[in-house]
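Student: I would like to learn how to read helix packing and sheets in a model. Can we take one feature at a time?

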Amino acid sequence: MNDFTLIRKNLFRKKMRAILLIFSIMIAFLIFGALGAFYSVWTSGSSSAADNRLVTVNRINFTVSMPFAYWGRVEGVEGVTNVSHASWFGGYYQEPANFVQTFAVDPESWLAVYSELTMPDEQRAAFFNTRDCLLVGADLATQYGWSVGDRIPLLSNIWQKQDGTSSWDFEVCAVFDAEDDTLPTNYAMFHYEYYNEALAFNRDNIGWMVLTTIDAAQNDRIMREIDSLFANSPAETETSTEAAFNEAFAAQFGNIALILLFVVGAAFMTILMIVGTTMVMAINERTKEIGVMKTLGFPAPRIFRMVLIESILLSLVGGLLGLGLATLAVAGSAAAMAAFLPGLSMPPLVLSIGLALAIGLGFITGIIPAINAQRVTIVTALGKL
Amino acid sequence: MTDLYQLTDLSKGYTRGREAITIFEQLTMSIQEGDFIAIMGPSGSGKTTLLNLLGGIDRPSSGSVDCQGVRIDKLSQGKLAKWRAANVGFIFQFYNLMPTLNAAQNVELPLLLTNLSGKARKERVATALDIVGLADRARHSPRQMSGGQQQRVAIARAIVADPKVLLCDEPTGDLDRKSADEILETLQLLNKDLGKTIIMVTHDPSAAKYARRELHLDKGRFVEAAELAQ
């Protein structure tokens with residue numbers, strides 16, 4: 001037997017109470033872990049954004065298109081090295097549940113702007129030269145089992161063709177990967193011309209432009225110049241860095257950080273109060289035993305330590321269970337959410353923060369009972385004068 | 001026999017609100033090594049307070065408590081805890097065993113404060129339980145034992161670290177006569193065979209008869225037997 005035996009036995013002296021407390025803490029950390037993993041994926045775009053890459057969107061909203069002619073005008077801005085454009089297609093494969101993120105792009109300029117996208121040279125050439133080519137990301141190809149040469153019909157809820165149909169036929173002629181494993185490859189691209197020529201409406205418009213600058217230090221000037229080009233026009237623009245654009249895109253899901261803060265904060269405060277009150281009550285119930293231990297010669301600091309460790313242990317057990325469950329839940333849902341949240345996994349940073357929070361929670365809830373246990377005199381504890 | 005304790009001009013009081021209450025004043029006495037003393041007296045006479053002062057779990061208002069040259073009333077809390085662990089075994093009226101631990105673990109508790117190895121601790125625990133006749137109940141929890149058996153576990157816990165003195169606060173107060181006699185016989189055995197100094201607070205005159213001498217505390221002073229008879 002050692003001090004840890006005593007701590008463990010005290011922790012589980014009322015099994016139902018301990019289980020319920022651990023369960024409450026576990027739920028809080030399950031929420032924290034799951035939301036942390038989602039938040040990490042949502043914000044990963046900004047961390048992978050290049051410093052010298054800018055995005056120009058319609059000033060009203062990035063979902064509102066702008067004239068195709070803008071592309072050529074931006075090319076002429078001093079300091080712009082490459083500029084491309086994209087239009088949101090969306091689409092699904094066979095049934096609406098099989099959502100496929102798809103964009104209509106200008107192939108050559110797009111791959112010039114996104115030089116980190118890699119593929120064999122012959123596939124790159126095929127993408128440039130095949131009008132109905134679908135350039136598929138490696139993760140997306142894996143998800144649906146597509147390979148080069150496959151013919152894929154994608155259906156759109158938005159974009160109708162002039163013949164009245166909404167089915168767009170493509171040939172998978174290239175599969176791209178990314179230099180950095182953290183970059184998403186769960187989407188597909190095809191020729192803007194193929195799309196624009198067949199469109200029943202909204203022709204000669206583009207969704208947004210992406211451009212690279214000669215030097216990130218010139219970004220501010222270039223952004224101002226681009227937006228001034230289209231000032232007072234029916235489609236004014238707003239240019240920002242790619243990182244800022246990605247964050248704005250993530251913000252369409254709501255202010256994730258704020259939601260995370262509120263949900264986890266509320267859960268933690270509630271649990272803090274529950275666990276704190278319960279720990280105070282649990283130690284009060286044991287005041288006499290603490291008095292006996294002091295009588296036997298256990299020094300006050302050792303008793304302080306034991307009570308604090310008991311509280312931290314309780315929090316750690318619940319916290320680790322919660323983080324473990326969150327990791328399993330995230331791993332289990334990663335495949336199903338690959339189309340929306342590629343690379344969904346439990347980041348080590350979230351686990352580390354969770355672990356630190358568990359220790360912190362245990363410390364905060366245990367410190368007052370530990371101080372009480374340390375301070376109580378033997379005579380008081382034993383209920384004697 | 002040499003003196004184990006020397007109490008000099010010992011006073012103890014406390015305040016309740018604005019009222020100052022004196023428990024005893026200017027108490028002077030000595031307790032010899034190997035003695036078995038029963039301290040008797042009415043409720044509120046200060047018996048338990050005296051026991052607390054002897055055990056170093058309370059401090060006097062004035063005066064001194066000397067135990068073999070150590071002024072325990074002057075020791076810091078930390079040193080006092082160490083001194084208690086090494087020198088004193090406590091036996092309480094309501095046993096005060098840890099409900100989450102079995103008999104052997106309860107007895108082992110004071111040994112966690114020593115540098116003994118796990119094996120040596122187990123041997124000591126087995127010996128202590130054997131002395132109180134509970135070797136076969138080592139794995140039983142306090143809930144599975146009678147009051148008498150729990151008190152014997154408490155005695156084993158009090159003697160396992162081999163202290164010089166056992167301080168017993170109404171050790172038979174919660175027991176039936178038969179169990180009480182068994183406990184008192186055990187204490188007598190510890191006094192006679194192992195030389196433990198025993199100071200026992202009791203209300204029970206038949207329990208006091210097991211002691212070598214009786215001290216009657218009343219209104220803060222020791223009362224002689226003759227005075228008591230009047």
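Student: At what angle do the axes of helix α1 and helix α12 of chain A cross?

Tutor: Keep in mind that this is a predicted model. Helix α1 spans residues 3-11 of chain A, and helix α12 spans residues 300-334. Their axes cross at roughly 60° and come within 9 Å.

Student: How is that angle put into words?

Tutor: The crossing is right-handed.

Student: Which residues in α1(A) and α12(A) meet?

Tutor: From α1(A) come A:Asp3, A:Leu6, A:Ile7, A:Asn10 and A:Leu11. Their counterparts in α12(A) are A:Met306, A:Ile309, A:Glu310, A:Leu313 and A:Leu314. By class, the contact has seven nonpolar residues, one polar and two charged.

Student: How does the radius of gyration of chain A stand against that of a compact globule?

Tutor: Compare the value with the one for a globule of 385 residues, which would be near 21 Å. Chain A has 29 Å. Its C-alpha atoms fill a box of roughly 95 × 45 × 35 Å along the principal axes. The chain holds 14 helices and twelve strands.

Student: On to chain B. What is the strand order in its open sheet of six strands?

Tutor: The order is β6-β7-β8-β3-β9-β10, and the pairing is mixed. β6 (88-91) and β10 (221-223) each have a single partner strand, so one side of each lacks a neighbour in the sheet. On average, neighbouring strands are turned by 25° against each other, direction ignored.

Student: Which helix packs on this sheet?

Tutor: Helix α5 of chain B, residues 147-159, touches β6 and β7 (165-169). Its direction makes about 170° with that of β6(B).

Student: Do β3 and β9 of chain B run parallel or antiparallel?

Tutor: Parallel, with four bridges joining β3 (residues 36-40) to β9 (residues 213-218). B:Ile37 stands opposite B:Arg213.

Student: What is the pairing in the open sheet of four strands in chain B?

Tutor: Antiparallel, in the order β2-β1-β4-β5. Here β2 (19-32) and β5 (70-71) stand at the edges. Ten bridges join β1 (residues 3-16) to β2(B). B:Gln6 faces B:Ser30 in β2(B).

Student: Which strands does helix α1 of chain B lie across?

Tutor: This helix, residues 47-55, lies across β1, β2 and β4 (62-67) of chain B. It runs at about 125° to β1(B).

Notes
Residues are numbered from 1 along each chain as its sequence is written. Chains are lettered from A and ligands numbered from 1 in the order in which they are written. This is a predicted model: local features need pLDDT of at least 70, side-chain atom pairs count only at pLDDT 80 or more; totals for chains, interfaces and linings use all residues. Axes are lines fitted to C-alpha atoms, for helices over the stretch in contact, and angles run from 0 to 180 degrees between N-to-C directions. Helices (H or I, at least four residues) and strands (E, at least two) are DSSP runs, numbered from the N terminus. A crossing is left-handed if the near helix is turned anticlockwise from the far one by less than a right angle, and right-handed if clockwise. Two residues are in contact if their C-beta atoms, placed from the backbone, lie within 7 Å. Ala, Val, Leu, Ile, Met, Phe, Trp, Tyr, Cys and Pro count as nonpolar, Asp, Glu, Lys and Arg as charged, and the others, Gly among them, as polar. Two strands pair if DSSP finds at least two bridges between them. The radius of gyration is taken over C-alpha atoms; the globule rule is 2.2 Å times the number of residues to the power 0.38.
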